[in-house]
Every structure is written in structure tokens, then in C-alpha cells.
Amino acid sequence: MLLACLSGRWRASMSRGLVVAPLPALGAALFASGASLKLPPLLLGFALLLDTPAALLLGAASLLWVGAGWYADAWLRDRPDPGRFTVWWLLTLTGSIGVFMAADLAGFYLMFTLVSLAAYGLVIDGGTLEVRRIGLIYVAFAILGEAFLLLAFVMLVVAAPGVHTMIREAVAALPTSPLRNATLVLLVLGFGVKLGLVPLQSWMPLTYRAAPIPAAVVLSGAGVKAGVVGLLHFLPFHAAWPGWGETLTTIGLISAFYGVVAGIAQSNPKAVLGYSSISQMGVITAVLGIGLGSGNEGVALLVACYAVNHTLVKGGLFVAVGVAQADAGRRMWSLLLPATVLALGLGGLPLTGGWLAKLAVKPVLGSGVVGLLGSLSSAGTTLLMIHFLVRLAAVPAACPARSMLAVLRLTWLGLALASVVVPWIVVVTLLPGALTNAVSLGSLAEAGWPVLVGGLLAAALSPWRHRMVGWDRADAIVLRTTDTAARLGCEIGKSTEKLDLLLRRWPVAAILLLNLAALLAALMLVTG
Amino acid sequence: MLTGQASTLPETNSPIGFLLVLAIALPAGGVALSLLLGGRGAQRLAMATMPLGVAVALVVAGNIWRSGRSLTYLVGGWHPPLGIALRADGLSAVMLLTTAVVIGAVCLYARGSFGLPAGADERRAPLVFWIMLMGVWSGLNAVWLAGDLFSLYVALELLTFSAVPLVSLDGSAATLEAALRYLLFALIGSVLYLLGTALLYGGYGTLDLVLLSHVIKPEPTAFIAASLMTAGLLAKTALFPLHLWLPPAHAGAPAGGSALLSALVVKGSFILTVRLWFEAMPSLLHLGTSQLLGALGAAAVLFGSVLALRQARLKLMIAYSTIAQIGYLFFLFPLASAPAEATSMFGDDWNGIAWTGGMMQLVAHATAKAAMFMAAGLIAEALGHDRIAEFAGLGRALPVTMLAFGLGGMSLMGLPPSGGFVAKAMLLVAAMAEGQWWWAVVILVGGLLAAGYMFRVFAPALAAVDVTMRRRVVVPQSRQAVVLALAICAMLLGLMPLRPSQLLEVGRPASVTALTR
Amino acid sequence: MSDAALYGLCSAVLVGVGLYGTIVQPQPLQKILAFNIVGSGTFLLFGVIARRGAAADMGGDPVPQAMVITGLVVAFSATALAVALLLRLHDEAGRADDAPTPPATDDETSGC
Amino acid sequence: MSVGPALDAGLALLASALAVWVVLARQAFGAVVGFVAFGLVLSLAWLRLGAVDVALTEAAIGSGVTGAVLLAAVTRLHCARPVVAAARCGRRTRAISIASAGLVSAGLAALVLSPTDPAPTLAPQAAAALPELGVGNAITGILLAYRSVDTLLEKIVLLLALAGIWSLARDGAWGDRPAPPGSGRRDGTLTLLGQVLPPLGIVAGIYIVWVGADAPGGAFQGGAILAAMWILALMARLADPPVVGRIGVRLAVGIGPIVFLAIGFAGFALPGGFLSYPAGFAKPLIIVIEVALTFSIAVVLGLLVLGPSARGTQR
């Protein structure tokens with residue numbers, strides 16, 4: 001399947017291929033979902049494997065890629081240099097699709113790198129200085145995550161028999177590894193960067209704000225899920241890890257609330273969506289943490305359902321921003337109405353995909369403190385989404401070509417539809433039990449109250465909204481920190497240069513040469 | 001056995017051992033004949049020697065791989081210690097192949113810069129370039145194959161004498177000074193090495209690597225000899241802090257020459273260091289010495305990378321990156337010599353993995369760096385300068401070259417699926433498994449810094465600019481293709497990491513394996 | 001003290017003196033001279049070792065002696081190449097002197 | 001043998017003192033003169049160490065030809081004003097340098113004073129194999145048979161050094177004559193020397209090669225003496241430097257190594273393989289190689305002294 005993707009990648013040297021390229025992956029997701037599919041090892045020693053949760057994620061992601069590809073195709077038509085964007089797009093696509101299917105460590109790492117680093121090319125397409133600076137921040141975070149993961153993978157390999165290791169075998173050997181704790185910390189850190197978990201979240205809103213909309217669509221919807229699938233595949237759910245689970249849950253919940261609180265202070269709808277992603281990924285992490293704490297392997301499927309919804313909704317909402325920017329406000333209702341459904345769905349509005357998603361994870365969260373906090377986060381999400389809708393309505397519009405507008409609308413409506421329908425299909429086929437329980441009045445009410453609370457809060461807070469905007473300075477702090485870091489780096493560089501000038505003076509180097517010999521001899525005389 | 005007296009080994013010539021002689025003598029004869037024929041003859045000779053040399057390397061490597069046994073050839077039928085044996089183990093085979101591939105690529109590439117049109121008079125730079133190319137080749141092959149420390153001394157000098165004129169080929173004051181500095185520092189290195197050789201002969205009566213390994217004892221003679229030789233070799237390898245000569249020399253040479261110097265020449269003295277410690281005197285490689293060599297390597301990685309980040313000129317950046325990449329090689333010493341108690345925790349052949357990883361790093365760096373220097377040469381030809389800040393739009397002007405440069409850079413950064421990734425991953429794994437995590441941290445940070453300096457080139461080169469770049473010269477596609485092919489070699493290494501490791505295991509020093517048991 | 005030990009000490013002195021010269025001599029020509037002194041000391045060490053190995057009616061072990069002959073030729077080639085480089089460098093730098101801008105700082109000799 | 005130890009001590013002291021003089025001399029010219037003297041003292045030391053072959057080589061190459069190169073350089077550098085005001089090292093650097101170099105010396109001295117006993121030697125083995133070759137001089141046997149690879153590689157080193165020096169010619173002068181050695185003035189003494197010495201020297205050089213198979217002497221020593229004679233003649237302006245681009249010169253340069261290699265390759269036909277000699281023909285072959293090598297060595301050494309081609313030296 002990956003090969004099909006790759007060949008699709010080459011065929012699609014024109015941007016028109018953007019729509020077609022993810023289709024094989026979508027096919028793979030449809031036909032292989034529900035059952036594991038193991039391909040024989042290819043020549044690289046790479047192996048592919050698609051289990052159900054990954055298949056769900058893959059399906060949703062490829063659906064989004066199709067839609068976004070259509071969008072990007074139209075968007076690229078009036079751009080001066082479409083080829084470059086297309087290449088980055090296809091590279092990111094390959095990574096994004098591949099990461100769900102890679103079964104061995106090297107393959108996974110390759111795909112993860114691809115989806116993280118190739119996305120840089122998408123982010124900086126705007127080309128202004130500010131955007132490039134943000135692109136740098138993105139890359140810095142991405143590479144930091146890569147480094148954590150690489151170390152973690154190395155530890156996994158060390159602990160597992162043989163050098164070329166399947167992810168499953170490596171994870172199975174993890175509980176007995178002497179490096180277990182370090183490995184787990186590094187895994188969480190590495191994937192945490194991708195998921196935007198607090199305190200590694202800063203890149204996310206900045207990047208989404210700066211990236212062109214098609215790029216933001218795929219990054220927020222599909223790209224981030226590389227982190228989800230990473231946690232799903234790499235955390236050892238086959239055993240119970242109480243301490244670890246609680247820690248992870250705490251981190252997740254902090255992220256969930258941080259995203260809300262910081263998000264409502266944003267005025268740019270794309271940034272609001274970025275913070276919302278932080279919040280949503282926090283919820284997913286919290287659920288995974290509970291699963292990890294109790295050794296519940298079933299949690300993977302539930303999280304996947306949740307993530308499917310997020311993929312489509314978040315992608316859809318970014319398209320909505322695009323539509324709002326493009327449309328001069330004449331037919332706002334066709335935008336705002338579905339957008340409202342989608343946005344509130346994210347908060348768990350009954351009968352939407354988001355409601356189903358919340359249903360799926362509800363039993364895991366339970367009814368204790370964590371459950372309450374989960375519901376509160378739903379309320380928060382609703383609040384944030386209402387804020388988003390307000391900001392969306394206020395987006396100033398440009399005047400693009402008519403054809404593009406049409407494509408945009410179609411993409412938008414298609415994704416909106418998909419985000420409602422797909423979760424239903426998924427839940428009906430995979431979790432019928434959850435559904436029958438859910439369609440009772442009580443549970444409807446239970447799911448509904450956070451939405452209501454969120455709505456009320458939004459209404460209550462609306463008079464102060466203007467003052468809240470700009471309250472959160474996190475991104476400014478990040479920018480300032482990067483400046484400081486750059487200055488510090490500059491200083492280090494300068495002093496290294498000075499050292500180099502010193503070391504490259506003849507007498508210094510010659511003296512060092514002789515003393516190196518003396519030191520070696522002395523070491524041997526002492527220890528030998 | 002008499003104390004300190006080496007007896008002969010029951011060695012016989014391998015059936016295709018004569019190929020080892022050819023590997024050295026073909027390019028050596030090329031040097032003599034090139035000088036004789038002159039003009040276009042030198043170039044034709046190089047072009048004719050190239051496929052022969054590649055074939056010899058292939059047959060030798062193939063034979064070693066299939067039979068799983070090292071090759072030996074006793075020159076003139078004389079047994080060591082009186083005579084000299086040429087020996088090819090898996091490491092030699094890998095190095096022979098790498099040398100052949102890189103030199104082949106440089107030959108094809110250099111036809112563009114040093115090719116003479118038919119009927120043209122002999123000119124200085126082309127003749128010297130082709131002669132020195134043959135010289136480098138024969139010197140390297142002699143280093144990979146010779147089994148005698150004094151022959152190795154002559155081989156190293158051969159290498160230096162062919163490398164220095166390459167540096168100052170353009171005859172400007174700056175490159176002349178770089179060449180002079182390189183020559184003088186390398187000479188001090190040689191003389192220290194020679195001192196050590198004298199001491200070893202005085203102590204043990206042989207300079208044959210294998211015989212020496214049987215009789216050497218941990219005693220002051222061996223200690224002082226080893227440290228003098230090591231210091232001398234490190235000076236020639238330009239390991240931090242002995243790198244004073246490398247940046248101006250490697251940046252000043254013509255692109256093809258820089259590729260040879262950076263990719264291959266510095267590796268000659270490195271491999272000799274490895275053979276010295278792991279083969280001739282494994283009993284001397286203790287914790288202190290191996291950690292010291294590793295620490296110098298780590299310092300080189302950090303220092304070279306930071307400086308590479310700060311260079312304004314592309315060739316200097318690549319030169320500093322060479323300093324950093326050489327540093328990685330020295331992780332071999334602490335990681336492939338870990339004592340048994342350190343490796344037992346995870347029960348695997350971690351020393352062997354580090355050994356393979358180190359050698360993979362060497363090969364990956366050789367191919368990637370040669371490709372990068374040649375790509376930089378093409379860029380400089382096309383633009384008339386190599387100032388990184390003025391690279392805007394280069395990706396559009398020279399897409400194939402930039403692709404090659406990028407693939408090479410991926411290997412330096414250690415991104416999958418490059419050869420550099422496999423090498424660094426193996427070193428990382430070994431470092432973690434042996435509990436020497438500090439090397440792992442350096443490897444990672446080095447990778448980040450490498451990403452930084454590669455990014456500095458690519459950010460402007462790939463930036464969308466409206467002005468189309470003004471090119472001074474149109475670079476022919478064929479030369480770009482050669483560079484790309486070499487960069488793809490660096491990639492392919494990553495795609496089949498198992499193969500070279502099997503080859504490398506043939507004749508691997510017993511010390512590497514023995515320590516793990 | 002045997003002649004071997006005496007010349008052995010002499011070789012150690014030559015090596016040390018020569019190394020000192022290569023470090024501190026600012027002029028390349030004198031660096032080359034100092035290098036030759038180190039080389040002579042090294043060769044003398046071979047000679048001492050050869051002398052100690054005198055056997056089979058030979059005044060010394062011929063193997064190190066043969067190595068010295070090879071080494072001397074290599075050292076001479078090195079000297080000739082280094083001197084030629086130095087002379088050409090002087091030519092080039094002398095030319096640059098005539099130009100209005102001063103030559104690039106020559107950190108070969110810019111001292112300690 | 002009461003004179004012996006005193007002589008040895010004197011030579012060792014003299015050599016050390018000259019070395020110190022060379023290193024500390026402020027004037028390059030004095031240093032070079034000191035170095036030539038140092039080389040002559042060392043040749044005597046080599047004689048005392050029982051290494052006649054080395055003594056010959058040291059006198060011819062280590063002192064003679066090297067001295068010629070250095071003197072020529074000093075003359076030329078003396079005319080040119082120093083490019084850079086050479087900063088001398090500070091006192092601290094000197095102290096550290098003395099300490100570092102002293103460490104190396106101390107290590108060597110310690111080893112020299114505690115030799116391995118019995119000292120390892122290959123002399124018996126070298127002697128035992130000589131009859132097979134038919135040559136009487138063990139050093140010739142080592143250089144051209146046992147360790148012939150070294151010699152071969154070293155020939156290539158010479159060629160590379162020559163090509164390297166030639167590469168320093170200016171593009172316009174490529175293939176032309178090198179500048180003649182010496183000050184350029186016609187000097188009565190030099191002319192006389194140039195007329196008298198070369199015939200003697202050439203005879204001596206050829207003799208040294210001829211006896212080299214059995215008695216001390218050989219290709220390098222002979223070649224170096226021949227080269228010295230040639231240079232002397234050039235200095236006296238009795239001959240012109242050759243046009244190095246000419247095929248004849250190239251042939252003279254390359255013939256030695258090529259004959260050596262060719263005979264080496266012919267060895268593949270024999271059981272011993274590369275660079276082995278057929279029984280009974282070892283000595284003639286070795287002499288053929290020696291003669292070819294001597295010729296090439298003389299030419300190459302001479303050309304190395306002459307340096308790169310220079311423009312405007314043609315008459």
C-alpha cells in the first residue's frame with residue numbers, strides 16, 4: 001500500500017494528483033480495517049502492519065488528505081510556484097500515511113520523520129520573515145521530538161533481541177528492560193511534542209496560524225495523529241502501570257484545560273483551533289493514561305474512534321476558516337450553520353460525531369474526579385468553540401477566483417458531512433454496545449450538560465471577550481525565548497570561533513600534539 | 001619462543017592474492033606512466049585504470065564475502081618478519097570498495113574540470129591532478145592492505161605527498177599556505193609515527209601487525225610507542241584539537257580534490273589507528289585510552305558542527321563538517337572495546353555492532369562527503385562563488401545538484417534511510433547497551449547541529465524567489481548525475497545495512513569479539 | 001656506557017630539540033630544518049636499534065638500516081616539496097605586497 | 001679501543017650542539033650551514049654505528065642534496081624581504097614547548113637506557129636468505145628483495161614529490177626549464193669545482209652502484225652522488241637545466257620505477273609471485289633494477305633540487 005502511495009507520489013508530479021494520491025491508503029483502511037494485515041518484509045527490512053485502531057486513523061486521515069488535496073489543488077492554481085508545495089505535500093502525505101502502517105522501528109522512525117520534517121515545507125510556504133521564523137520554531141520542536149524518540153527507540157532496540165526489531169516485539173520486551181523508565185519518559189516526551197502536550201505545546205498554535213490553510217488542515221487533522229498512533233503502538237498497554245498512567249492522565253488533563261484557557265484569549269481563529277487541538281490531544285492522552293494505568297488494551301480502539309472524529313472535525317473547521325476568508329460574507333449561513341454543528345460537536349453536542357466520540361471514551365474516564373474533569377473539559381471545549389465561531393464570523397474576506405470558491409465550498413460541505421457520518425459508521429460497526437447504552441435520555445442529558453454549561457459560560461464571558469483577547473502571551477514568550485536562544489547560540493558560536501582561532505595557531509596545535517602523546521602514555525602507564 | 005623475538009607464521013598466498021598487489025601497483029604504475037605520457041595521456045590512463053581498479057576491488061570483496069576468509073599475499077614469497085605480507089580482511093575489502101567507488105566518481109566528475117580537449121597541449125593543473133589522483137589511490141590501497149608498520153609509513157607518506165599538491169593546485173597564496181601548513185603538520189605526525197615504529201622494532205623485532213599482536217606486552221616500550229604513533233596518526237586525521245590544517249586545505253583544493261581529501265585521505269590514518277589498537281596491541285586498549293580517544297571524538301563532533309554552522313562559505317562549512325564527522329569515527333574506540341561486564345546486561349555482540357557502526361559511518365561519510373564537495377564545486381562553478389547567503393533560488397537553478405547535496409546532508413544528519421542513519425543508530429544502540437550513554441547524547445546533539453548547518457544551506461536555496469537566479473556557467477547534466485549517483489550510494493548503504501556488516505565481520509579483530517565473551 | 005646507549009641518548013636529545021624547534025620557530029624554513037633534526041634523531045634511533053641487534057657477522061641489524069635509507073629519501077622528498085611550496089608562497093605573497101591592500105594575515109607565522 | 005668511547009661521546013655532543021644551534025639560530029643562513037655540518041657529523045656517527053650504507057646515504061642525501069635545496073632556498077629568501085614580521089613566541093609558550101618536547105625526549109631516553117635483552121634482530125634471518133639472492137650486501141637484499149614493496153612505494157613517493165614540485169610552476173612556465181641553481185654569477189672557484197669534481201664523482205657514483213650488490217653502496221647512494229655532480233655542474237653554469245616537458249626528461253624520470261614494476265610483474269610467472277626473482281637470475285635482475293633506479297634517482301633528485309619550471313630562464 002505504501003508502495004502504491006509512493007508510485008502515486010511520482011505519478012502525481014502535477015498538483016492534480018494530490019486528490020488521487022491518498023486513495024490507495026483509503027482503500028487500505030477500508031479493506032483492512034477490523035483485521036490485522038501483515039505484509040511480508042520488503043527489501044528494506046521494513047514491514048507493514050495495520051491493526052484496527054491504526055486502520056481507523058488511517059481511514060480518517062486519508063479521507064482528510066483527499067479533501068485537503070482537492071482544496072490544495074484549487075488553492076495552488078493561482079500560486080506562482082506550485083511544484084515545490086506539491087513535493088512537500090506528497091512527502092508529508094507519504095509520512096502521514098506510512099506512520100500508521102509501519103510495523104518496524106526503523107520504518108516508523110522514517111515515516112515519523114517524514115511527516116514531521118516535510119511539513120516544514122508546507123508551513124513556510126507563506127515565505128514572509130515572520131512565517132519563516134515560526135517555521136524554524138516548528139522544526140526545532142520537531143527535531144527535539146525526533147531526538148527524544150530516537151533515543152527511546154534505541155533503548156527499545158537494546159532491550160529487545162536482535163537489531164532489526166518489530167515494534168510489537170520491542171514493546172513486549174519493554175516491561176523487563178533495565179532502561180524501562182528512561183524509555184517510557186522519552187517516548188512520552190517524543191510523542192508529546194507531536195501532540196502538543198503541555199509544556200511542549202507552543203509550536204502548535206504558532207504553526208497553524210502561520211501555515212497556509214491547506215497545510216493547516218492536514219497538519220492539524222492528520223499530522224498530529226502520528227503522535228496518537230505512536231502512543232497507541234509504543235506504550236505497553238498489555239500490563240498495568242499505575243504510576244505512569246496517572247502521570248500521563250494528569251499531563252493530558254492539564255493540556256486539555258490549558259488549551260481552553262489559552263485558546264479563548266486568541267483572536268485569530270486558526271490559533272484558536274490550534275489551542276483546541278492541544279486541548280483535544282490532552283483528552284486523548286488522559287484516556288490513554290487511564291488505559292495504561294489499568295493495563296487496558298481496549299482503550300486503543302476507543303481512542304482511535306475519538307481521534308477519527310477529531311481528524312475530520314478539525315480539518316473541516318480549518319477549511320471553514322478558508323471559506324470564510326474566501327467568501328465575502330454573502331452566504332454566511334451555509335458556512336456558519338455546519339460550522340456550528342461541527343464546532344459544538346467537538347464539545348460533545350448530542351447526536352454529532354463528537355458526541356459519539358465522547359461516548360466512546362466516557363466509560364474509560366469513569367464517573368470519579370477524572371470523569372468530572374472530562375466533562376468539564378467538554379464544557380471548556382464548547383466555550384472555546386463558541387469563541388472560535390465568533391472569531392470565524394469576524395474574519396475579513398479576500399476575493400479569490402470563483403472556481404476556487406466553488407471547490408472550497410464543496411470540500412467544506414463534504415468534510416462537514418463526513419465528520420458527522422463517519423463517526424456514526426465507525427461506532428455502529430465497531431462499538432454497537434456503546435451505542436445502545438447511549439441512546440437513552442439520561443445519557444443524552446449527561447452528554448448535553450457540559451455543552452450547555454459551555455454555552456452559558458460563553459454567554460457570560462462575552463462582555464469581557466475583548467479584554468481577554470491577548471491575555472495569553474505564551475506564543476510571545478516562545479518567540480522571545482527563541483530570540484534569546486538564538487542570541488545565546490550566537491554567543492556560543494562566537495566563543496567557539498575564538499577557541500578555533502586559538503587552537504589553529506601553530507604552536508598551540510603542536511604543543512597539544514605532543515601533550516596528547518604524553519597523556520596517552522601516562523594513561524597507559526597508570527592503568528596498564 | 002625467545003623473548004621479544006617473532007617467529008614466522010604459517011601463511012601462504014591466497015589464490016587470488018595477486019589482486020592485492022594489483023590494487024596497489026596499478027595506480028602506482030599509473031603515476032609513473034602518467035608522468036611519462038603527459039598531456040592527455042594522463043587522463044586516458046586514469047580513465048583506463050579506473051575500471052580495472054574497481055574490478056579488482058569488486059573481485060577481492062566478492063571473494064572475501066563468499067569465502068568468509070581473509071586474503072594474504074607474501075610479496076616476493078618472503079615471509080614476515082623479514083618480508084612483507086599484504087593482507088585483506090573484511091575491513092580492507094570494504095575500504096577498497098569505498099575507495100574505488102569514490103575515486104571512480106571523482107574521475108568521471110573531474111573530466112569536466114580537468115579534461116583536455118583533443119590535441120591540446122599538456123597543461124599543469126590537469127596533469128598534476130590526474131597524477132595525484134592515481135597517487136592517492138595507490139597510497140590508500142597500500143594503507144588498506146599493507147601488513148607492516150614501516151610499509152604503512154611509506155604508504156602514508158605516499159598519501160600525504162599526493163594530497164598536498166592537490167590543495168595548492170590553483171597556486172594562490174592562500175592555498176599555498178594551506179598546503180604548506182598541511183605538509184608540515186603531517187610531517188610532524190609522520191615522524192612521531194616513525195619514532196613509535198622504531199621503538200616497536202627495538203622492542204619486538206618485527207613490524208608485522210599480526211606477528212606484533214602475538215608478542216606485544218603491556219610494558220613501557222609498547223606504551224610509549226603506541227602513544228607516539230597514535231598522536232602522529234591523529235595529527236594526520238585532523239582529529240580535534242589537531243585540526244588546524246584541515247579547513248583551509250580542504251576548502252582550498254579544487255572540488256574533486258576536496259572530495260578525495262575529505263572522503264578518503266583522512267580515513268587512511270584513521271584506519272591505521274584502528275588497526276594499531278585493535279589488531280596489533282589490543283591488550284593496551286584500556287578504559288583510559290579508549291575514553292580519551294572517544295572524548296576527543298566527542299569534542300570534535302560538537303566543535304566541528306558548531307563551527308560549520310557559522311561558516312559563510314559553503315566549502316568551509318563542509319570542511320568543518322568533516323572535522324565533526326571524523327569525531328564520530330572515534331566513538332569506535334570506547335564502544336567497540338567495552339569490557340565483558342559492560343556488555344553483558346543485554347547479552348548481545350555490542351562491541352561488534354559498534355565496530356560495524358563505526359565502519360559504516362566511515363563509508364557513509366566518504367560517499368556523502370565526496371558527493372557534497374563535488375556538488376559544492378558545481379554550485380561554485382555555476383554561481384561563481386560559494387557564499388551561502390547568496391544561494392537564493394539555487395534549488396530551482398540546479399535541482400539535481402541540490403538533491404545530491406541534500407541526500408548527502410541527510411546522511412550527515414543521520415536521517416533515515418541514509419547510511420549515516422544506520423551507522424549512527426548502531427553507535428547509539430551500542431552506547432546505550434554498554435551503559436555509555438554520554439556518547440549517545442553527543443551523537444544526537446551532533447545530528448541536531450548537522451541538521452542546523454544543512455538547513456542553513458537549504459533555507460535560502462529552496463526559498464521561493466521571483467527573480468530567476470543568474471547562472472554564470474551552465475553545468476552539464478552528466479556531472480550532476482555523477483554527483484547524484486554517489487549521493488544515492490550513501491543512501492543505498494542505509495537500505496541494505498546487513499550486507500556490509502557481514503563483510504566487515506570477516507577477519508574482524510579478535511579483540512572486538514573476544515572482549516564480549 | 002655503550003656506544004648504543006650514548007647515541008640513543010643523542011637521538012632522544014635530537015628529537016626533543018627538533019620538536020622544540022618545530023613548535024617555536026616562526027619561520028617556515030626553520031621549521032623545515034627543525035623537522036629534519038627530528039627526522040635525524042628518529043633515524044639515529046633506528047641506527048641504535050640496529051647496532052644492538054648486531055649478529056651473524058654483521059655490524060648491525062640490516063633491516064632497520066635499510067629502513068633508514070628509505071626514510072632518508074622520503075624525508076628529503078618532503079623537504080624539497082616543503083621548500084618549493086615555501087618559495088612559491090613567498091613569490092605570491094611578495095606580489096600581493098605590491099598591491100594596495102595588505103596581504104591576508106599569515107597565521108602560519110603570526111606567532112603565539 | 002680507548003679512543004672509541006671518547007670519539008663517540010664527542011660526536012654525540014657535537015651533533016646535539018649543532019642541532020641546538022640550528023634550532024635556535026636567528027638567521028636562516030647560519031641555521032642551514034649548521035644543518036649541513038650536522039649532517040656530516042651524523043654520517044660519522046653512522047660509521048661508528050657500523051652502518052656504512054646509511055653513512056653514505058646520510059652524507060649524500062641527508063646532508064648533501066638536502067643542504068643544496070636549503071641553501072638555494074635561503075639564498076632566494078634572503079633576497080626577498082620577509083613577507084611577515086615573524087613574531088617570536090612568548091616566554092610562556094617557549095617554556096611549555098620545552099616541557100612538552102622534553103617529555104618526549106625523556107620517554108625516549110628512558111626506553112633507550114633500558115633495552116630489551118637480548119635485543120631482537122633479524123640479522124641472522126637476513127643473512128641466511130642472502131645466498132638465495134646471490135648478493136653479498138644484506139641492505140641491498142632488503143631494499144630490493146625482502147622489503148621491495150617499501151622501495152617501490154618510495155620510488156612513487158619520489159615521483160609524486162617531483163610532480164608536486166612541478167605543480168608549483170606558474171601556468172605560463174609549465175614544461176619549461178627550472179631556474180638554474182646558485183646565485184647566477186659565474187664564480188671561478190665554482191667553475192673549477194664544476195669541471196673537476198663531476199668526472200670523479202660520476203666514476204665514484206657508478207662504482208658505488210656497481211659494488212652495491214656485495215659491498216656497501218647502492219642505488220640511492222650512487223644516485224645521490226650523481227645528482228650532486230649534476231647540480232654542481234649546473235651551479236657552475238657548465239650546463240643548462242633541462243626542459244622538463246621533454247619526453248626524454250620524462251623517460252629518464254620514469255624509467256627506474258617502470259623497470260622495477262615490470263620486473264615485479266614478471267614475477268607473477270614464478271612461484272614466488274610479484275617481485276620474486278628466478279633462481280640464479282636474482283643477482284642480474286637486481287643489478288638491472290639498481291642501474292635503472294640509479295639513473296632515475298639521480299635525475300629525480302636533481303630535478304627536486306632544481307624546483308619548478310620558471311619562465312624566462314631559456315636562453
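Trainee: Happy to start with chain A: how many helices and strands does the secondary structure of chain A come to?

Mentor: Keep in mind that this is a predicted model. Helices and strands are both present in chain A, and its secondary structure comes to 24 helices and two strands.

Trainee: Of the residues of chain A, what share counts as buried?

Mentor: Buried means under 20% relative accessible area. Chain A has 528 residues, and the share of them that counts as buried is 61%.

Trainee: And among contacts in chain A between residues at least 6 apart in sequence, what percentage joins residues at least 24 apart?

Mentor: Start from the contacts in chain A whose partners are at least 6 apart in sequence. Those joining residues at least 24 apart make up 82%.

Trainee: Which helix of chain A gives the most to the nonpolar patch?

Mentor: The patch covers about 390 Å² and is made by Leu372(A), Leu376(A), Trp449(A), Val453(A) and Leu457(A). Two helices of chain A, H18 (369-393) and H21 (441-461), each supply at least two of its residues. The helix that gives the most, with three residues, is H21(A).

Trainee: Does Leu457(A) count as buried, partly exposed or exposed, and why?

Mentor: Leu457(A) sits in helix H21 of chain A. Buried needs under 20% relative accessible area and exposed needs over 50%. Because its relative accessibility is 38%, Leu457(A) counts as partly exposed.

Trainee: On to chain C: in what order do its elements run from the N terminus?

Mentor: Chain C holds three helices and zero strands. Read from the N terminus, its elements are α-α-α.

Trainee: How far apart are the end C-alpha atoms of helix H2 of chain C?

Mentor: Helix H2 of chain C (residues 28-52) has 25 residues, so at 1.5 Å a residue it should span 36 Å. The model agrees with that, as the end C-alpha atoms are apart by 36 Å.

Trainee: How many residues of H2(C) are buried?

Mentor: Across chain C, 75% of the 112 residues count as buried. H2(C) is mostly covered, and of its 25 residues the number buried is 23.

Trainee: Turning to interfaces, what area is buried between chain D and chain C?

Mentor: Here 90 residues of chain D touch 75 residues of chain C. Carbon and sulfur atoms give 76% of the buried area, which comes to about 7,300 Å².

Trainee: Which residue of chain D meets Asp91(C) in a salt bridge?

Mentor: Three salt bridges are found across the interface of chain D and chain C. In one involving Asp91(C), the N to O distance is 4.0 Å and the partner is Arg170(D).

Trainee: And what area is buried between chain D and chain B?

Mentor: The contact takes 50 residues from chain D and 60 residues from chain B. Carbon and sulfur atoms give 74% of the buried area, which is about 4,600 Å².

Trainee: Which residue of chain D meets Arg124(B) in a salt bridge?

Mentor: Across the interface of chain D and chain B there are two salt bridges. For Arg124(B), the side chains meet at 2.8 Å, N to O, and the partner is Asp171(D).

Conventions
Residues numbered from 1 in each chain as written. Chains lettered and ligands numbered in written order. Predicted model: local features only at pLDDT ≥ 70, side-chain atom pairs only at ≥ 80, totals over all residues. Heavy atoms only, no water. Patch = residues over 30% accessible without salt bridge, like charges linked within 9 Å, V, L, I, M, F, W, Y side chains within 5 Å. Areas by Shrake-Rupley, 256 points an atom, 1.4 Å probe, with all protein chains shown as cover. Helix = DSSP H or I, 4+ residues; strand = E, 2+ residues; numbered from the N terminus. Buried < 20%, exposed > 50% of the residue type's maximum accessible area, 1.4 Å probe, protein only. Expected span 1.5 Å × (residues − 1). Contact = heavy atoms within 4.5 Å. Buried area = accessible area lost by both parts, 1.4 Å probe.
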